[in-house]
Amino acid sequence: MSRINTNVSSIIAQRILTTQNTRLNQSLQRLSTGLRINSGKDDPAGLIASETLRAEKNAVQAAQTNVARAVNVVAVAESGLSEITTLLTDLEDLVDRSSNETGISDDERVANQQEIDLILASINRIANSTELQGRKLLNGDLAYTTSTVSTAKIAHLQLNSARVPQGGTRSVAVQVTQAASLAVVSYTGGAIGATPVTIEVLGNLGAERITFASASLADIAAAVNQSAALTGVSATVDGSVVRLTSTEYGSAQFVKVRVLDSGTFTVAGSGEDWGRDVVVNVNGQTLTGTGLQVSARSTALDADITLKDTFGSVTTGGTALFGITGGGAKFSISPKLDLNSMATLGINTLTTASLGDGNVGWLYSIGTGQENAMSEKNYFTAQRIVRRALSQVATLRGRLGSFERNTLDTTANSLNIQFENLSSAESALRDTDFAEETSNLTRAQILVQSATSVLKLANQAPQNVLALLQ
């Protein structure tokens with residue numbers, strides 16, 4: 001080359017040196033930050049994808065925190081339920097001891113009643129004071145709110161879980177398609193003469209031998225009723241017939257009558273009968289209950305419903321309508337926020353006015369001055385109420401445990417795996433591969449040095465023209 005105004009070789013060398021310096025600086029930046037993508041120009045599509053993954057990771061981390069908070073709520077609630085269970089167990093012990101009328105004195109019975117009153121007060125106190133971060137857990141604040149629940153048709157309603165649209169109402173229709181029934185054996189033989197007749201009455205609770213002589217229909221019914229607490233069989237007079245019925249509804253209840261001597265005791269049919277469970281349709285789902293108790297389980301509704309005997313045992317085709325308007329404990333445990341991602345749980349109030357039900361009786365009724373206090377000597381009813389309350393609390397504890405194990409724990413495990421996969425995907429897009437980048441750095445360093453040497457030679461080349469002027 002003999003031209004000096006434009007040094008083309010130098011221009012080319014400058015461009016190449018600039019390119020190699022850019023690559024060297026890029027490698028240094030990636031190695032110093034640990035990121036392959038430091039700005040949008042590094043990889044526009046990769047930046048978009050990695051930012052999306054980063055947002056998803058943040059959502060997953062928030063969901064993980066929410067799950068941990070939900071576990072705390074369940075743990076605190078269960079601690080209160082555990083103590084209530086202990087108190088109810090002590091309560092039944094006191095009721096059972098008080099029923100030993102001849103074995104204890106009146107003073108002991110009064111002392112037992114005082115303990116019962118204190119236990120009832122303690123249950124109310126625990127229900128009203130169990131809280132986490134100022135939110136009460138067992139006083140009904142976390143129960144679902146309902147509308148138009150008919151107490152003439154529904155004795156007890158426990159809403160465990162329900163999906164209620166925001167600002168809307170979940171309508172529930174309970175239609176009886178088969179009425180529950182008592183077990184019934186009818187005596188049709190009329191009054192019993194002077195010749196004694198001995199029968200054995202068997203029911204769900206046990207068996208009892210009863211002897212009649214010169215007994216009217218009213219006498220027969222009275223004798224059976226005296227042993228009702230032992231057998232689970234009661235009797236009523238209906239015209240010229242004495243009907244022996246189970247004291248509870250359902251297929252587990254039965255009545256059997258056996259004549260133990262040669263006397264005459266005429267009963268209709270085979271002398272034995274079993275009760276029948278109620279069958280209902282709940283929002284299109286056909287369910288067979290246990291006696292008058294029905295459990296509905298679906299993704300939209302989880303509820304335990306006890307029907308009033310005047311509704312579930314008499315009406316076929318009758319319908320109880322009510323609405324769920326809101327409430328319940330709501331936990332957002334999914335990265336995506338929508339109704340399907342919410343885990344909901346209902347915790348009804350655990351006060352003595354809410355434990356038990358309308359068919360058996362309420363727990364507060366065994367307190368001083370109430371109808372089932374120890375002074376009233378309704379020990380069998382009191383025990384049934386306490387056991388019903390124990391069953392309700394135990395069921396709630398089981399639901400909380402199941403919710404924690406099968407919903408919260410499994411969700412936490414799933415979120416952990418999801419977070420790992422998202423982190424791996426983001427890392428593959430955004431993080432620096434140090435093995436590759438150190439190789440790029442070495443190459444860029446060599447090429448920068450080489451381009452620098454070439455530029456130096458290119459800048460020296462025009463000086464050769466001076467030889468032509470000598």
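## A spread-out chain of strands and helices

Leaving aside residues up to four places away in sequence, Ser-365 touches Gln-370, Glu-371, Asn-372, Ala-373 and Ile-385. Keep in mind as you read that this is a predicted model.

**The whole chain**

The chain has 9 helices and 21 strands. Its radius of gyration is 40 Å, well over the 23 Å that the globule rule gives for 470 residues, so the chain is more spread out than a compact globule. Along the principal axes, the C-alpha atoms fill a box of roughly 165 × 50 × 40 Å.

How much of the chain is buried? Buried residues make up 40% of the 470 residues. The chain exposes about 24100 Å², and carbon and sulfur atoms supply 50% of that area. Charged side chains are part of the picture too: there are 36 positive and 42 negative ones, and the centres of the two sets lie 15 Å apart.

Contacts tell you how the chain folds back on itself. Among contacts between residues at least 6 apart in sequence, 70% join residues at least 24 apart.

**A strand covered on both faces**

Now find strand β7 (residues 197-203). All of it is buried, 7 of the 7 residues, so β7 is largely enclosed by the rest of the structure. In a regular strand, side chains alternate between the two faces of the sheet. On one side of β7 you will find Val-197, Ile-199, Val-201 and Gly-203, and on the other Thr-198, Glu-200 and Leu-202. Both of these faces are covered.

Which strands pair with β7? One is β8 (residues 207-212), joined to β7 by 6 bridges and running antiparallel. Here Val-197 stands opposite Phe-212, and the two strands form a hairpin with 3 residues between them. Strand β11 (residues 254-259) also runs antiparallel to β7, with 5 bridges between them. In this pairing, the bridge partner of Leu-202 is Lys-256 in β11.

**A strand with two listed partners**

Strand β3 (residues 144-147) pairs with β17 in the antiparallel sense over 4 bridges, and Tyr-144 stands opposite Gly-327 of β17. Strand β5 (residues 170-178) pairs with β17 as well, again antiparallel, over 6 bridges. There, Val-174 has Ala-320 of β17 as its bridge partner.

Two residues have a positive phi although neither is a glycine: Thr-148, at about 55 degrees, and Asn-283, near 50 degrees. Thr-148 lies in the loop between β3 and β4 (154-162). This threonine counts as exposed because its relative accessibility is 60%, over the 50% cut-off. Asn-283 is found in the loop between β13 (279-282) and β14 (285-288). With 41% relative accessibility, Asn-283 counts as partly exposed.

**A serine in a strand**

Compare the serine we began with to Ser-295, whose place is in strand β15 (residues 293-297). Is Ser-295 buried or partly exposed? Ser-295 is partly exposed, with a relative accessible area of 40%. Not counting residues up to four places away in sequence, Ser-295 touches Leu-287, Ala-303 and Asp-304. Its C-alpha atom is separated by 19 Å from that of Ala-152, 143 residues away along the chain.

Here are the accessibility values side by side.

| Residue | Relative accessibility | Class |
|---|---|---|
| Ser-295 | 40% | partly exposed |
| Asn-283 | 41% | partly exposed |
| Thr-148 | 60% | exposed |

Terms used
Residues numbered from 1 in each chain as written. Predicted model: local features only at pLDDT ≥ 70, side-chain atom pairs only at ≥ 80, totals over all residues. Heavy atoms only, no water. Pairing = 2+ DSSP bridges. Buried < 20%, exposed > 50% of the residue type's maximum accessible area, 1.4 Å probe, protein only. Rg over C-alpha atoms; globule rule 2.2 N^0.38 Å. Contact = heavy atoms within 4.5 Å. Areas by Shrake-Rupley, 256 points an atom, 1.4 Å probe, with all protein chains shown as cover. Lys, Arg positive; Asp, Glu negative; His and termini not counted. Charge placed at Lys NZ, Arg CZ, Asp CG, Glu CD.
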